[in-house]
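This report covers the pockets of one protein model and the arrangement of a sheet with its helices. The sequence and structure come before the details.

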Amino acid sequence: MSITPRLLNAGLCVLFAAAACGLPQETLAQSFPAKPVRIIVPFPAGGTTDIIARLVAQRMTETMGQPVLVENRGGAGGSLGADVVAKAPPDGYTMLMANITLPLASVALAQANRAPYNVDTDFAGISIAAYVPLVIAAHPSVPANNLREFVTLLQKDRTLKYNYGSTGPGSYMNIVGEVLKRDEKIEMAHIPLKGAAPLKQELLAGRLQLGGDQLSSSLAEIRRGALKALATNASQRIAALPDLPTVRELGFPKIEADGWNGLFAPAKTPREIIARLQRETVAAVRHPDSVKRLTDLAAEPAGSTAAEQDAVLKKQVAQFRPIIRELGVTID
């Protein structure tokens, strides 16, 4: 039997372009995954977001029948990695493990007219993997026991030359520092670093007086007194440091923002594939071994719905967009 052009085209349709040829999304989801899946982490390896991504990837590999690989794409406040996912085919094979930096850096980039993607429309939430509180900390030499005392210290003594550090322009700590400078009429120099690890080292060395990042990156140093925790940005006190006040308790409600790590897919990914990835994420983070690992990181296992992940992103974009515009924070 000869192969006619019509038969050839039909075969190619099934093998190489099922979605474009109009097969139902249910059929595509049933065959997913048919090849390795990758999780893009938009930060260097070794940080909390990277650790959580690898934990999820390991569990997904065991349950999905295909390798789930983690790929680090750091740079530009996480926007380089986010852009890879925003522009990837919406087929479920490329995911983004993001955190609060995604809404903040995206808005800062947009303000500079440099955003390569639209944070409002280019991502589809899969699931919040874990809640990870952020902590604002000081070098032990700073004579303040909480963030309110820190601010009062700088208000009373204008000769102090304090530096605050962040993981880069548009990061949460950058917003915190600039809000405090503007609203509390204090002076600090901003020292941007290229990640949580160098930020912590500069803070430990005393070259920074104030800094902050996800609690898991500095909990050990706080517990042994090498760093002094001044506040958490979470809406509630955190179990790992129950005596640590929240920023709202200390009179800084503008910078309250629950920390999280969660997965996103490109917009227009079929809802059945999103649902499959969501179920896999929930199973991964709620596995007993994962719960222990996350708890050791001072993180709370989540495993939310896709809608809840979307809602967190939208809420924080709406919260910080006017603040970032008012402050003029941009990413060069």
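Helix H8 supplies five residues to the lining of the largest pocket, the largest share of that lining. The model is a predicted one. Helix H8 spans 196-204, and at least two lining residues each also come from helix H3 (48-64), helix H7 (172-184) and strand E8 (210-214). Nearest the centre of this pocket lie Phe43, Pro44, Thr167, Gly195 and Ala196.

In the second largest pocket, the residues closest to the centre are Tyr131, Ala234, Asp258, Gly259 and Glu300. Helix H12 (residues 306-327) contributes four residues to the lining of the second largest pocket, the most of any element.

| Pocket | Volume | Lining residues | Nonpolar | Polar | Charged |
|---|---|---|---|---|---|
| Largest | about 800 Å³ | 42 residues | 18 nonpolar | 20 polar | four charged |

Six strands form an open sheet with mixed pairing, in the order E2-E1-E3-E10-E4-E11. Strand E2 (68-72) and strand E11 (300-301) are its edge strands, each pairing on one side only. Strand E1 (residues 37-41) runs parallel to E2 and is joined to E2 by five bridges. Within this pair, Val41 stands opposite Asn72 in E2.

Two helices lie across strands of the sheet. Helix H10 (residues 271-286) lies across strand E3 (94-99), strand E4 (123-131), strand E10 (260-266) and E11, at about 10° to E4. H12 lies across E4 and E10, and runs at about 95° to E4.

Definitions and conventions
Residues are numbered from 1 along each chain as its sequence is written. This is a predicted model: local features need pLDDT of at least 70, side-chain atom pairs count only at pLDDT 80 or more; totals for chains, interfaces and linings use all residues. Side-chain values use heavy atoms; hydrogens and water are left out. On a 1 Å grid over the protein atoms alone, a cavity is a set of points where a 1.4 Å probe fits but cannot get out, and a pocket is an open set with protein on both sides within 12 Å along at least five of seven lines; lining residues have an atom within 4 Å of a point. Grid points are joined across faces, edges and corners, and a volume is the space filled by probe spheres set on the points. Ala, Val, Leu, Ile, Met, Phe, Trp, Tyr, Cys and Pro count as nonpolar, Asp, Glu, Lys and Arg as charged, and the others, Gly among them, as polar. Two strands pair if DSSP finds at least two bridges between them. Contact means heavy atoms within 4.5 Å. Axes are lines fitted to C-alpha atoms, for helices over the stretch in contact, and angles run from 0 to 180 degrees between N-to-C directions.
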